[in-house]
Structure formats: structure tokens, C-alpha cells
Amino acid sequence: MLRGFASLSFHNRAHQLAIATIVVSIIQGFLLQSGTYIFLFSPFKTLYYFELWRPFTALFVAASPVEVIFGTLIIYSIGGLLETRWSRRRFLYAIVGIPLAAELTVLLIAFIAPSIVPPAMLYAGSRQIITTLWILYGLASHFSRERLNFWGTPITGKTFALIGVGFVFLSGVFGGFTPVLPDMITVCLCYLYMYRFNVLHFTRKYELSYYDWKLKRLKQKSGFKVIKGARSDDDSDQQIH
């Protein structure tokens with residue numbers, strides 16, 4: 001799946017995210033022993049107690065030791081490859097911006113329909129970072145027609161992205177879909193982000209076809225004939241004296 005691990009660099013945004021995930025997760029792990037969840041994302045406390053740091057700090061909290069180890073490796077390796085392919089600015093904008101947008105959506109849902117998101121619900125957002133990296137890397141490889149190696153099996157980038165979707169879906173099946181609500185929204189935003197140009201092109205093409213049809217109908221009702229490409233050759237040769 002991976003081509004190898006690059007040397008640690010504090011100038012690399014992916015490596016910075018990996019280090020931040022380890023540090024914040026360990027601190028939150030110690031705080032959990034005293035019943036403190038200050039770094040986790042709580043929609044209720046964010047909305048009604050104005051603890052506005054929670055959506056951001058939660059992105060660096062892993063929920064288990066396995067997630068700390070393997071999640072950090074994914075951020076370090078796949079994130080490094082994606083950052084090399086993209087610019088640092090675009091990488092950070094997508095990898096952090098998409099999970100934050102998902103959490104803002106959860107806040108909106110919690111405000112409009114509190115029954116969907118219980119007040120006691122807490123979210124660790126490291127999985128959103130991992131899911132975003134996984135899907136974006138897979139779709140980026142799909143668009144560049146690059147074959148990936150997943151545990152010795154050659155697969156397409158689209159299949160690689162779908163594996164990331166499968167992780168989120170299975171987590172919802174076995175643990176409930178409310179605890180993975182930000183992850184599901186993150187999946188949708190990842191696909192929307194990568195396919196946004198296709199969506200905009202289709203929408204623009206539909207709008208042009210619709211207005212062209214309306215123009216034809218208007219001219220037909222007015223008694224005008226619709227002539228495309230009509231031009232007098234004599235007019236192009238006329239000169240003003």
C-alpha cells in the first residue's frame with residue numbers, strides 16, 4: 001500500500017499532524033482517569049457552554065491505543081504522500097477543513113434536532129482525519145490512474161477509497177451510527193470535495209441547456225425563427241468611408 005516511510009520532518013504538515021495526534025491523545029488518556037473529557041468534541045457543551053475549542057482539539061484525539069498507533073502511521077505515511085502530491089496549503093486545507101466542516105454540520109443537527117445527538121455524546125475526531133486522508137488519497141490515485149498495493153493485492157484508487165468508506169460503515173453497524181455521525185458526514189464531504197469540478201461542470205451544462213431551451217421557446221412564441229451560425233459574408237467585407 002505504501003512506498004516507504006519518509007524521514008521525520010517538522011516542516012511536513014502530515015508529520016506535524018501525526019505528532020499532535022500522539023501528544024493530545026496521550027494527554028487525554030491521562031485525563032480520562034480522572035473523568036475529564038476536555039479535548040473531546042461535545043456538541044452540547046460547544047453550543048450551550050461555548051467551549052469552542054472542542055471541535056478542533058478533538059481532531060487530534062484517538063479513541064484507543066490501536067487507533068493511536070495505526071492511525072498515526074496512516075497520517076504519517078499516506079498523509080506524507082498526499083502532501084507531496086499536493087501543496088502544503090491545499091493538504092492542510094482539505095485534511096483539517098473537511099473534518100471541521102463535518103463537526104459544524106453535527107452542531108447544526110444537534111441544534112435543530114437534539115434527539116439525534118444526545119447531550120452526553122462525545123466524539124474523538126482522529127478517525128475523521130484518518131478517513132479523510134484515506135478517501136482523498138484513494139480518489140487522487142484514481143484520477144491519476146495510479147494502481148495501489150493493498151497488503152500485496154493490487155487495487156484501484158477508487159477501491160482503496162471504498163475500503164475507507166467500509167470502515168466507517170462497519171463501525172456504525174457494530175457500534176451504532178450516532179457515534180460515527182461525524183465520520184459519515186466526513187465521507188460525504190470527501191467525495192463532494194474530490195468530485196466538485198464534475199458536479200459544477202454538470203450543473204453548468206444543465207443550466208446552459210435549460211436557458212437555451214427557454215430561449216428557443218420564447219422565440220418560437222414570438223414568431224421568430226431560431227437560426228444558429230447565420231452570418232452574411234458581404235457584411236464582413238463592408239468598410240466605412
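A: Sorted by class, the lining of the second largest pocket has nine nonpolar, two polar and three charged residues (Ala, Val, Leu, Ile, Met, Phe, Trp, Tyr, Cys and Pro count as nonpolar, Asp, Glu, Lys and Arg as charged, and the others, Gly among them, as polar). The model is predicted, so local features need pLDDT of at least 70 and side-chain atom pairs count only at 80 or more, while totals for chains, interfaces and linings use all residues. Residues are numbered from 1 along each chain as its sequence is written, and side-chain values use heavy atoms, leaving out hydrogens and water.

The second largest pocket has a volume of about 190 Å³ (the space filled by probe spheres set on grid points, which are joined across faces, edges and corners). A pocket here is an open set of points on a 1 Å grid over the protein atoms alone, where a 1.4 Å probe fits, with protein on both sides within 12 Å along at least five of seven lines; lining residues have an atom within 4 Å of a point. This pocket has 14 lining residues, and Leu-40, Ala-63, Leu-122, Tyr-123 and Ala-124 lie nearest its centre. Helix H1 (13-32) and helix H6 (126-143) each give at least two residues to the lining (helices are DSSP runs of H or I, at least four residues, numbered from the N terminus).

Let's follow H6 to its partners. H4 and H6 pack at an angle of about 40 degrees, their axes 9 Å apart (lines fitted to C-alpha atoms over the stretch in contact, with angles from 0 to 180 degrees between N-to-C directions). H4 passes H6 in a left-handed crossing (the near helix is turned anticlockwise from the far one by less than a right angle; clockwise is right-handed).

In H5, Phe-91, Ala-94, Ile-95, Ile-98, Pro-99, Ala-102 and Glu-103 meet Gln-128, Ile-129, Thr-132, Leu-133 and Leu-136 in H6: nine nonpolar, two polar and one charged.

Conventions:
Contact means heavy atoms within 4.5 Å.
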